[in-house]
Amino acid sequence: MGYDFLMDPDYVPGYDTAVLPVLEWVQSSDWMDTYLAHDREFYAELASTFEGSVDEILMGLPAPLFARAVRCSFDDFLTTEYESTPRNALDEYLEEFGSALEKADVDFLKVFRGSVVRLYHVVERTPYESVLLRDVSDGLRPIQIDDEFLTAGLSTGDTIATRIVTVDDRDHLAGSILVINDETLAMFQQAFDDALKAELLNVEKYLRKDPRQRNLVRQRVMKGAAPALSGMWAASVLLVMASAPSLANERDPETVFQASITYTSELEPLVAFLDNHPDLDRLLPRDFIWLWHTDRTNPEASLKAILWISGVDVLIESCDQARIEEAVATLEEMLGDSVEEVSITELDDDEDDEEDDSLPLAPMTEEEETDFRIRMHAYLDEQFRMLLDQPVAALRDQAPRELAKSVKGRKQLSKWLVSLEDGLRANPNRVGMADYDSTWMWKELGMEDMRQSSLFDE
């Protein structure tokens, strides 16, 4: 394949310049149907667990996390080969447009074509400048990523899942960054070890201890690990969302407003302001996403807004124009002269007018429904038991078991547990959600008597 490359010696390639244009091309090409089918297959396990279409489930994520989940699937699609001609969308894209691209972007895409999602430990973080990583499975070479924004929320000791490509001895982020909590990491490692053992059984017995063969098998299993990692990450976030206030309830307007504030100030003061604001909580510890509460004392109160930072923009979503204008005014006052541009738009919701392209769910038999309910309840048991020992944003980043040790903490926990149960009951169409019995959590926290009181108060 020959190219008449565009050559700019100062040009620095990246995911935005190299990969995102491919997404635009796929959406208007014959590959679109293949990509949509790949997306459904990529999150098939997640869809099975939560009983719904992939689109429906992922739409439960806040906008920036939804985009992250979509990119995980798309990146995997670009590295997948099919039994067709051409066998890969990225190969066809390079064949068609390679000569019109910067050489650095072509080199980036060629390496990206063979990339896999790996787990990395954060060894060191120079705030808002660079991050030093170590491959969990092969940590011989330090990996330094020069980046001001995408990795700004990371801290030493974090474990992340992402793609990294190396071009001309320089490492680049090449995909979404998923921060993996300890529980999800343990579940994935167990699943990975089981898959590796199963794959080794297909290797000739005398080759199973050969390091080269084991490495080949390990690489093959790792290449197929992206769906598992992404699905487990999405499930852990959805669990957190289930215990968080909603953006809107039945009494709120059925509208969505989004505001954008472009700023020129340093990132650190903005993050510090948001972290210290009495009505704001981070949704996840290592992500720049905040929930803006309207009334902390009322578990049924919807949020004022969801806010996140994307590069030099602060983005805000709300269901009410007055709420979002108030949030924008607060941030404008804080940012002062560093505010460069502000916009507020009402997002169109055309979902009711469009044909549903999601795959239909086959009706379950009574036996299948019973089996699914058992699996769903076991899944919720496992996830909620882990949640009791983790910092929870709705509890001001305190762990439920720690809060249960004080009278004041138990009162706070009681409201949280009731709101969590209300959230489960709000899903009557999802088998295993509305009828889940969370009594054991009250007992485990020594608060069963408070649950009885809360039931009488309803």
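**Glutamate 326, at 45% relative accessibility, counts as partly exposed.** The model is predicted: local features need pLDDT of at least 70, side-chain atom pairs count only at pLDDT 80 or more, and totals for chains, interfaces and linings use all residues. Residues are numbered from 1 along each chain as its sequence is written, and side-chain values use heavy atoms, leaving out hydrogens and water. Buried means under 20% relative accessible area, exposed means over 50%, and partly exposed lies in between (1.4 Å probe, protein chains only). Lysine 304, at 11%, is buried. The side chains of lysine 304 and glutamate 326 form a salt bridge, 3.1 Å from N to O. Lysine 304 sits in strand β11 (residues 303-310) and glutamate 326 in helix α13 (residues 321-335), so the pair ties together parts 22 residues apart in sequence. Helices (H or I, at least four residues) and strands (E, at least two) are DSSP runs, numbered from the N terminus. A salt bridge places a side-chain nitrogen of Lys or Arg within 4 Å of a carboxyl oxygen of Asp or Glu.

**A salt bridge joins the side chains of glutamate 444 and arginine 401.** The N to O distance is 2.7 Å. This pair links distant parts of the chain, 43 residues apart: glutamate 444 belongs to helix α17 (residues 439-444) and arginine 401 to helix α15 (residues 400-403). Glutamate 444 is partly exposed at 34% relative accessibility. Arginine 401 is partly exposed too, at 25%. In another network, Glu81, Arg87, Asp91 and Arg113 are joined by salt bridges that share partners. The whole structure holds 15 salt bridges. Side chains of opposite charge can pair when their charged atoms come close.

Lysine 103 is partly exposed, with a relative accessible area of 29%. Aspartate 107 is buried at 18%.

**Helix α8 (residues 103-113) is mostly covered.** Eight of its 11 residues are buried. They are Ala104, Asp105, Val106, Asp107, Phe108, Leu109, Phe112 and Arg113. What covers them? The cover includes helices α1 (15-18), α2 (20-27), α6 (63-78) and α7 (89-97), along with strands β5 (164-167) and β6 (170-173).

**Aspartate 135 lies in strand β2 (residues 130-135).** Aspartate 135 is buried, with a relative accessible area of 8%. Neighbours within four places in sequence are set aside here; aspartate 135 is then in contact with Arg118, Leu119 and Tyr120. Contact means heavy atoms within 4.5 Å.

**The model contains one cavity of 30 Å³ or more.** On a 1 Å grid over the protein atoms alone, a cavity is a set of points where a 1.4 Å probe fits but cannot get out; lining residues have an atom within 4 Å of a point. Grid points are joined across faces, edges and corners, and the volume is the space filled by probe spheres set on them. Helix α6, strand β4 (159-162) and helix α11 (226-242) each supply at least two lining residues. Helix α11 gives the most, three. By class, the lining has seven nonpolar, four polar and two charged residues. Ala, Val, Leu, Ile, Met, Phe, Trp, Tyr, Cys and Pro count as nonpolar, Asp, Glu, Lys and Arg as charged, and the others, Gly among them, as polar.

**The structure has 10 aromatic pairs.** One of them is tyrosine 35 with phenylalanine 74, edge-to-face, with 5.4 Å between centres and 85° between planes. The pair links distant parts of the chain, 39 residues apart: tyrosine 35 is in helix α3 (residues 32-42) and phenylalanine 74 is in helix α6. Both tyrosine 35 and phenylalanine 74 are buried. The pair of phenylalanine 77 and tyrosine 82 is tilted, because the ring centres are 6.2 Å apart and the planes at 50°. Phenylalanine 77 is buried at 0% relative accessibility. Ring pairs link Trp31, Tyr35, Phe74, Phe77 and Tyr82 into a cluster. Rings of Phe, Tyr and Trp (its six-membered ring) pair if their centres lie within 6.5 Å; planes under 30 degrees apart are stacked, over 60 edge-to-face, and the rest tilted.

Note on methods: On a 1 Å grid over the protein atoms alone, a cavity is a set of points where a 1.4 Å probe fits but cannot get out, and a pocket is an open set with protein on both sides within 12 Å along at least five of seven lines; lining residues have an atom within 4 Å of a point.
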